[in-house]
Amino acid sequence: MFALLELGWSYRRIEAETGVRRETVSRYDRIRRANAAKTFPGSDPSPPTESADSASVEGSNAANTFAGSEAKPAETFPGAEPAARFAAAQYHDAILEKRAKRLTAQRIWQDLTEEFGYGTVTSR
């Protein structure tokens, strides 16, 4: 029913196609409209700008926002150094050679790790 309402079908058309009375469809439509979209932590931490009165207006579909925590950087393991963004660039020729052999990305990564020590932490 909700999908048909989202498609913009009229109450009469839904009644004709499904056999559900228009009054019932109308109730479902009010429920659908009352379920406002929600945003989650990390999106917009600012509170909604609409007043409580305007949110209850029929047809209003204001988003509720939830204040989230600050953005957290990716976790790393003790002693690990952040890898360069294109750390594999120095192995470009080896990668192309392995791709020519139609090896999978997983296999190429394993070979780079085994043959060149790719991804291991080295002391400076």
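Predicted model: local features only at pLDDT ≥ 70, side-chain atom pairs only at ≥ 80, totals over all residues.
**Figure 1. Val25 touches Met1, Leu5, Tyr11, Ile14 and Val20, leaving out residues up to four places away in sequence.** A contact here is a pair of heavy atoms within 4.5 Å. Residues are numbered from 1 along each chain as its sequence is written, and side-chain values use heavy atoms, with hydrogens and water left out. Val25 belongs to helix H3; helices are DSSP runs (H or I, at least four residues), and they are numbered from the N terminus. With a relative accessible area of 0%, Val25 is buried (buried is under 20%, exposed over 50% and partly exposed in between, using a 1.4 Å probe and protein chains only). Where does Phe2 sit relative to Val25? The two are 23 residues apart in sequence, and their C-alphas are 9.0 Å apart in space.

**Figure 2. Helix H3 covers residues 22-34.** From first C-alpha to last, the 13 residues of H3 reach 18 Å, close to the 18 Å expected at 1.5 Å a residue. That expected span is 1.5 Å times one less than the number of residues. Which residues of H3 are buried? They are Val25, Ser26, Asp29 and Arg32. These residues cover an arc of only 120° around the axis, so they end up on the same side of H3. The arc is taken from the directions that run from the helix axis to the C-beta atoms. What do the buried residues of H3 pack against? Their partners are helix H1 (2-6) and helix H2 (11-18).

**Figure 3. Three aromatic pairs turn up in the structure.** Take Phe2 and Tyr28: the ring centres are 5.8 Å apart and the planes are at 75°, so this pair is edge-to-face. Phe2 in helix H1 and Tyr28 in helix H3 are 26 residues apart, so to speak, a link between distant parts of the chain. For the rules, rings of Phe, Tyr and Trp (its six-membered ring) pair if their centres lie within 6.5 Å; planes under 30 degrees apart are stacked, over 60 edge-to-face, and the rest tilted. Phe2 is partly exposed at 37% relative accessible area, and Tyr28 is partly exposed at 34%.

**Figure 4. Tyr91 and Tyr118 form an edge-to-face pair, at 5.7 Å centre to centre and 90° between the planes.** This pair also links distant parts of the chain, with Tyr91 in the loop between H4 and H5 and Tyr118 in the segment after helix H6 (105-116), 27 residues apart. Are these two residues buried or exposed? Both Tyr91 and Tyr118 are buried.

**Figure 5. The charged end of Arg13 sits over the ring of Trp9.** The distance to the ring centre is 3.8 Å. To count as sitting over a ring, NZ of Lys or CZ of Arg must be within 6 Å of the ring centre and within 35 degrees of the ring normal.

**Figure 6. The buried residues of H6 pack against H5.** H6 has twelve residues and reaches 16 Å from its first C-alpha to its last, close to the 16 Å expected at 1.5 Å a residue. Ile108, Asp111 and Leu112 are the buried residues of H6. With an arc of only 100° around the axis, they lie on the same side of H6. Over in helix H5 there is Lys98, buried at a relative accessible area of 9%. Setting aside neighbours within four places in sequence, Lys98 is in contact with Leu103, Ile108, Asp111 and Glu115. Arg102, in the loop between H5 and H6, has a positive phi of about 65° although it is not a glycine. Arg102 is exposed, at 75% relative accessible area.

**Figure 7. Confidence is lowest in helix H4 (residues 52-55), with a mean of 46.** The highest confidence is in helix H5 (residues 92-100), at 91. Over residues 50-57 pLDDT stays under 50, and the model has five contacts beyond four places in sequence for this segment. The protein averages a pLDDT of 73, and 56% of the residues score at least 70.

Terms used: Helix = DSSP H or I, 4+ residues; strand = E, 2+ residues; numbered from the N terminus. pLDDT = per-residue confidence, 0-100.
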